[in-house]
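Please look over the sequence and the structure shown below before reading on.

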Amino acid sequence: MPAFLSRILSLCVALGFVAGCQTPAPPPAPKGTTTMSSTRTPFGKTADGQEVEAITLINSHGTRAKLITYGAALAEMHVADANRQIADVVLGFDNIAGYELPNNPYFGCTTGRVANRIAKGKFSIDGTEYTLATNNGPNHLHGGKVGFNRKVWAATLFETDNGVGVTFTHTSPDGDEGYPGNLSMEVTYTLTNDNALRIDYKATTDKATPVNLTHHTYFNLAGQGSGDILKHEVTINADSFTAVDDTLIPTGKFTKVLGTPYDFLRPATIGGRIKQIPSDPAKGNPGGYDLNYVLNSQTGQVAHAATVRDPSSGRVMEVWTDEPGIQFYTGNFLDGTLTGKSEKVYKKNFGFCLETQHYPDSVNQPTFPSTILKPGETYTQTCIYKFVAGR
Ligand code: GLA
């Protein structure tokens with residue numbers, strides 16, 4: 001290499017620039033020495049004039065989560081890799097207009113009153129039939145046309161010995177999207193000093209109603225918008241999944257994963273067998289994973305549900321929950337028509353979701369764990385996304 005080129009190269013290296021003299025990443029905070037903080041800032045107004053706020057949480061390692069009051073959603077999650085390089089590992093938008101797009105595929109949001117599908121949008125409680133909005137072919141999906149993902153929640157910030165957090169509250173009125181009862185909810189996100197984003201849900205009602213809340217972040221552990229997630233390795237602690245019909249409504253049967261492309265009992269890449277999953281684009285089925293796993297732990301205690309590892313960055317994320325199921329969805333409907341944060345275009349399989357929840361259509365399936373909440377009871381759920389910078 002000519003001497004002048006080699007001098008430019010050494011200068012780049014000395015300045016900490018990466019190959020190709022690109023802008024270097026900001027220096028990572030030294031481990032465990034950042035002061036925890038939580039701040040709230042304006043995040044614009046919805047089209048109908050409601051003020052939306054962003055809440056930024058930073059833990060003692062410098063891990064940073066940004067949540068927004070629209071949809072009680074996770075908008076950014078900045079996590080270090082094994083070399084202490086930081087990347088934002090969740091898909092989303094830079095502004096409120098993005099979140100309000102009619103085709104926002106539930107990025108980062110709190111999903112409900114009932115996440116996932118209810119067959120034909122109908123169910124009965126104590127002999128009374130209820131009819132919900134149908135917004136997914138013949139079925140009701142993720143709370144209907146204006147689910148909790150499209151509501152502006154109130155926010156209260158707090159700090160504990162081991163983390164910082166925000167509690168979002170919202171009351172869904174009796175009759176909301178067809179559901180019975182006034183449902184009062186609290187969704188608390190805590191960013192802990194062991195790099196976990198913990199979500200605790202609570203809800204109470206004044207009439208019996210189904211409730212099944214979940215969190216709908218699309219993760220990409222290599223960094224949002226950096227490519228597809230097909231090389232990520234996944235483990236899911238589930239021997240079976242709920243078998244479904246063509247419209248993704250459970251048949252009531254459980255299918256064993258062993259020997260099938262759905263088996264993630266041992267670490268396997270998402271892309272390894274994804275082409276074996278049936279697809280039918282003409283009928284709106286793009287292929288890929290989109291199913292509810294029946295978790296092996298059914299104790300109601302918080303237990304390990306899944307682990308995902310990105311070999312390129314070494315980032316690892318564990319998912320823990322006390323719910324009986326987890327929907328594994330590989331961003332099959334992303335098709336390059338959405339431009340997200342930092343002008344990144346989100347194509348098929350650019351993110352994966354692990355949504356801890358009760359099984360789909362539980363309200364119509366007598367053999368599934370019940371999702372009915374009655375007056376005097378309190379619905380609770382915990383979901384933990386824990387980040388580990390391993391190799
Ligand atoms: C869920 C569903 C998917 C899809 C996405 C949102 O995870 O299971 O079928 O509807 O939400 O696009």
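Is Arg 64 buried, partly exposed or exposed? In this model, which is predicted, Arg 64 has a relative accessibility of 31% and therefore counts as partly exposed, since that class lies between buried, under 20%, and exposed, over 50%.

**Salt bridges**

Side chains of opposite charge can pair when their charged atoms come close. The structure holds eight salt bridges, and three of them are described here one by one.

Arg 64 takes part in a salt bridge with Glu 76, in which the closest N and O atoms are 3.9 Å apart. Glu 76, with a relative accessibility of 14%, counts as buried, whereas Arg 64 counts as partly exposed. Lys 66 also belongs to this picture, for Arg 64, Lys 66 and Glu 76 are linked in a network of salt bridges.

Another salt bridge joins the side chains of Lys 341 and Asp 88, at 2.7 Å from N to O. Here too the pair links distant parts of the chain: Lys 341 is found in the loop between strand S25 (338-339) and strand S26 (345-346), while Asp 88 is in strand S5 (residues 86-88), and the two are 253 residues apart. Lys 341 is buried, having a relative accessible area of 2%, and Asp 88, at 12%, is buried as well.

Asp 174 forms a salt bridge with Lys 207, the closest N and O atoms being 2.6 Å apart. Both residues sit in loops, Asp 174 between strand S12 (163-172) and strand S13 (183-192), and Lys 207 between strand S14 (196-205) and strand S15 (209-210), 33 residues apart. Asp 174 is partly exposed at 37%, and Lys 207 is partly exposed at 40%.

**Around the ligand**

The space taken by the ligand is the largest pocket. Among the residues around the ligand are Tyr 106, Arg 117, Leu 141, His 142, Gln 327 and Glu 355.

| Residue | Distance to a ligand oxygen atom |
|---|---|
| His 142 | 2.9 Å |
| Gln 327 | 3.1 Å |
| Glu 355 | 2.7 Å |

Taken alone, the ligand exposes 310 Å², and the protein buries 95% of that area.

How values were computed: Residues are numbered from 1 along each chain as its sequence is written. This is a predicted model: local features need pLDDT of at least 70, side-chain atom pairs count only at pLDDT 80 or more; totals for chains, interfaces and linings use all residues. Side-chain values use heavy atoms; hydrogens and water are left out. A salt bridge is a side-chain nitrogen of Lys or Arg within 4 Å of a carboxyl oxygen of Asp or Glu. Buried means under 20% relative accessible area, exposed over 50%, partly exposed in between (1.4 Å probe, protein chains only). Helices (H or I, at least four residues) and strands (E, at least two) are DSSP runs, numbered from the N terminus. A residue is near a molecule or strand if one of its heavy atoms lies within 4 Å of it. A polar contact is a pair of N or O atoms within 3.5 Å; within protein, one must be able to donate a hydrogen and the other to accept it, and residues adjacent in sequence count only if both atoms are side-chain atoms. Accessible areas come from the Shrake-Rupley method with a 1.4 Å probe; for residues, only the protein chains shown count as cover. On a 1 Å grid over the protein atoms alone, a cavity is a set of points where a 1.4 Å probe fits but cannot get out, and a pocket is an open set with protein on both sides within 12 Å along at least five of seven lines; lining residues have an atom within 4 Å of a point. A molecule sits in a cavity or pocket if more than half of its atoms lie within 2 Å of its grid points.
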